[in-house]
Protein chains: 2
Amino acid sequence: MDTKSKKILAAFKRQGARIETRARVKLAVKKDFSLWYTPGVAVASSYLAKHPKETRNLSVKKNSVAVVSDGSAVLGLGNIGPYGALPVMEGKALIFKGKANIDAWPLVLDTQDPDEIVRIVKAIAPSFGGINLEDIAAPKCFDIEKRLVEELDIPVMHDDQHGTAIVVLAGLINAAKVVKKDMKKLRVVISGAGAAGTAVAKLLVAAGVKDIVLLDRLGTIYAGRADLNSHKAELAKLTNPRKVKGDLADAMRDVDVFIGVSGRGLLKAAHVASMAPRSIIFAMANPEPEILPEDARRAGAAVIATGRSDFPNQINNSLVFPGIFRGALDKGVKKITQETKIRAARALATLVVRPTAAKIIPDMLDPRVMKAVARAVH
Amino acid sequence: MDTKSKKILAAFKRQGARIETRARVKLAVKKDFSLWYTPGVAVASSYLAKHPKETRNLSVKKNSVAVVSDGSAVLGLGNIGPYGALPVMEGKALIFKGKANIDAWPLVLDTQDPDEIVRIVKAIAPSFGGINLEDIAAPKCFDIEKRLVEELDIPVMHDDQHGTAIVVLAGLINAAKVVKKDMKKLRVVISGAGAAGTAVAKLLVAAGVKDIVLLDRLGTIYAGRADLNSHKAELAKLTNPRKVKGDLADAMRDVDVFIGVSGRGLLKAAHVASMAPRSIIFAMANPEPEILPEDARRAGAAVIATGRSDFPNQINNSLVFPGIFRGALDKGVKKITQETKIRAARALATLVVRPTAAKIIPDMLDPRVMKAVARAVH
């Protein structure tokens, strides 16, 4: 472990928990106990037994989100299990509170079986106003989310998919303005066809982008490729109208946009140089992007974004998930539709009044972000 | 609904949630995000993936308890399901924080299947430092708790059983002093053989009480009674050495102690009058006790306790569960043994220096209680 990592680990050890609970009522005198605990609580319990839908008005369900992971795809670290996942989920709970005053609790699961995950999340749902799925591997994340969205009466969102997709679309709206191209006519390559790549592709299609080529480890995804699972076969139908076959070099020629949700250093200067003029690069692999911004710029890219806070244009889900759930909780919205996501992306994009190559997306510290996204949810 | 209940309900509606989360670190500048969220959090995640046992030192696991119920036996309200149970679990979470600074989160489950409950609690355990089971019906509560205690490496306690048993034992230690009888020689009747009655009986046996007669709805429990389930058959072996058969009237004759965890108004003046001199009555049915204190006194009882805050000697689990989990979390104690419970009861009893008929148990507001119980856990 390097010195910097040692310092970080020492900080986590000193800190212990990063979130805690807090009482919202006083427990000072006997009367407080008899109102908020027994016997008073029996009145609320009897009432909710008869009117379960009122639970969201008189309990933690009003303002709470479970941040759920099985630890099967944590950051860039892979399948590291529930204990490895916990610091990330706790960090998200921290951001939920800091950004949107939402009471989120991390729930990391000691199972990676999709049916079990669905059963468990359904079983714990009564205490929560929403479910943020996180760091669950593709392709099982798609079915898990779909079933939970269908079967629960509270909002469920897999943030690796949709949080990422919304910020990417927001960034792309402004990047297109910077390079003076029509967003719908952009040729886009997406490197990585996991949770994020899939959701980005689907949202860009929904937003009107017509020419998207996705790549997984084996190359471009096209209708008829023999080894595609059902999710990738569906993507093949939605994308790749030019039926591009081959590897990244084949896909990159003459395209306008590269969106990387894959791995470090994967994009070479020659790839960038082969793109159309005024190209756009979103190299979001974390912590090491597909190409370093300076290398992309030297190879000719006009607008460059990464997932990192130490470069300009940080594409980060934290811009989105607090506002999405704030809006959903406040307005009783149960499904986060593609239309909602597009509205959220537009709202985010609009916060940058005059986009430039160095500024296509609002800053994580911009206090307007959460509310702008929340307003888009209805 | 009566006027008082309407007022209570209105207070719950105005209040919404009674607990919330709170950040324990600052999220003000970019550096805060990069330490406590990405990329810093990856260091903690990688570390815990390799050293999962360290999770309790650098995450919410350090100080958190899940308050879990399936809503199958809520207060005296019966099987009212997860939504009905939530106000009680949230109330317990509030008391965990107020009394012991423990971060507890209510998890009410949308299933009442024992195997499912065990699977779910095991699956969510990685995020928590302890599991407080609550308001789960007997007899399934016994197996659920037993399996979780065996299979998890964090403390698990069904509070309806053991919280109640500890306070009862504490009260009995002091009540015996007040009436100048040897506790171990007391003849005890326990009305109710559910979660609480069973645990009280077992703990009193462990503490040396030899003559206990339990009753369920069909009368006294004795070895060989035809209809006993396995839990009650086990109780029959541990108790009723005089092989008393019959109903409450038969059981009450010449005994020293009545412990009621059953139903309102069940104990009559004639029952009390038939007891041995200087009798002790713990009438803990909630909110209406088995007998009102004034009626018990008029019938000759010397020491009277109830579950209510508006009478003297309130036998309430809140005296126990915060300290039990505080001690267990602080000292890494994984099993709450009978020895621990007896120590906790003695510690509670000792806080009343000179017990009297009006004061056998510390007050819920007594600030020494939590720490005294916590010290007993080791």
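How much area is buried between chain B and chain A, and what share of it do carbon and sulfur atoms give? In this predicted model, the area buried between the two chains is about 8800 Å², and carbon and sulfur atoms account for 69% of that area. The contact involves 93 residues of chain B and 93 residues of chain A. Of the area that chain B buries against chain A, 9% comes from E20(B), Y37(B) and Y83(B), more than from any other three residues. Between chain B and chain A, the count of salt bridges is 10. One salt bridge between the chains pairs the side chain of D363(B) with that of K30(A), at an N to O distance of 2.8 Å.

On the side of α3(A), the residues in contact are V41(A), V43(A), A44(A) and Y47(A). These meet S5(B), I8(B), L9(B), F12(B) and K13(B) of α1(B). By class, the residues of this contact comprise seven nonpolar, one polar and one charged.

The axes of α8(A) (residues 195-206) and α14(A) (residues 338-350) come within 10 Å, with a crossing angle of roughly 85°. That angle makes α8(A) roughly perpendicular to α14(A). Helix α8(A) contributes K202(A), L203(A) and A206(A) to the contact, and α14(A) contributes Q338(A), K341(A) and I342(A). The residues of the contact between α8(A) and α14(A) divide into three nonpolar, one polar and two charged.

In chain A, six strands form an open sheet with mixed pairing, in the order β8-β7-β6-β9-β10-β11. Its edge strands are β8 (219-220) and β11 (301-306) of chain A, each of which pairs on one side only. Strands β9 (residues 257-260) and β10 (residues 279-283) of chain A run parallel and are joined by four bridges. Within this pairing, G260(A) has A283(A) of β10(A) as its bridge partner. Helix α7 of chain A (residues 159-178) packs on the sheet, where it touches β9, β10 and β11 of chain A. The direction of α7(A) makes about 155° with that of β10(A).

Chain B likewise contains an open sheet of six strands, ordered β8-β7-β6-β9-β10-β11, and its pairing is mixed. Strands β8 (219-220) and β11 (301-306) of chain B each have a single partner strand and stand at the edges, so one side of each is left without a neighbour in the sheet. Four bridges link the parallel strands β9 (residues 257-260) and β10 (residues 279-283) of chain B. In β10(B), A283(B) is the bridge partner of G260(B). Helix α8 of chain B (residues 195-206) packs on this sheet and touches β6 (187-191), β7 (211-216) and β9 of chain B. The angle between the direction of α8(B) and that of β7(B) is about 170°.

Several backbone features remain to be described. Most residues other than glycine have a negative phi, and most peptide bonds are trans. In chain A, the peptide bond from T38(A) to P39(A) is cis, with omega near 5°. Residue P39(A) lies in the loop between α2 (30-36) and α3 of chain A. In chain B, a cis peptide bond joins A138(B) to P139(B), with omega of about 5°. The loop that holds P139(B) runs between β4 (130-133) and α6 (140-151) of chain B. A positive phi, near 50°, is found at D135(A), a residue other than glycine. Residue D135(A) is placed in the loop between β4 (130-133) and α6 (140-151) of chain A.

How values were computed
Residues are numbered from 1 along each chain as its sequence is written. Chains are lettered from A and ligands numbered from 1 in the order in which they are written. This is a predicted model: local features need pLDDT of at least 70, side-chain atom pairs count only at pLDDT 80 or more; totals for chains, interfaces and linings use all residues. Side-chain values use heavy atoms; hydrogens and water are left out. Axes are lines fitted to C-alpha atoms, for helices over the stretch in contact, and angles run from 0 to 180 degrees between N-to-C directions. Helices (H or I, at least four residues) and strands (E, at least two) are DSSP runs, numbered from the N terminus. Angles under 35 degrees count as roughly parallel, over 145 as roughly antiparallel, 65 to 115 as roughly perpendicular and the rest as oblique. Contact means heavy atoms within 4.5 Å. Ala, Val, Leu, Ile, Met, Phe, Trp, Tyr, Cys and Pro count as nonpolar, Asp, Glu, Lys and Arg as charged, and the others, Gly among them, as polar. Two strands pair if DSSP finds at least two bridges between them. Buried area is the accessible area (1.4 Å probe) that two parts lose on being put together, summed over both. A salt bridge is a side-chain nitrogen of Lys or Arg within 4 Å of a carboxyl oxygen of Asp or Glu.
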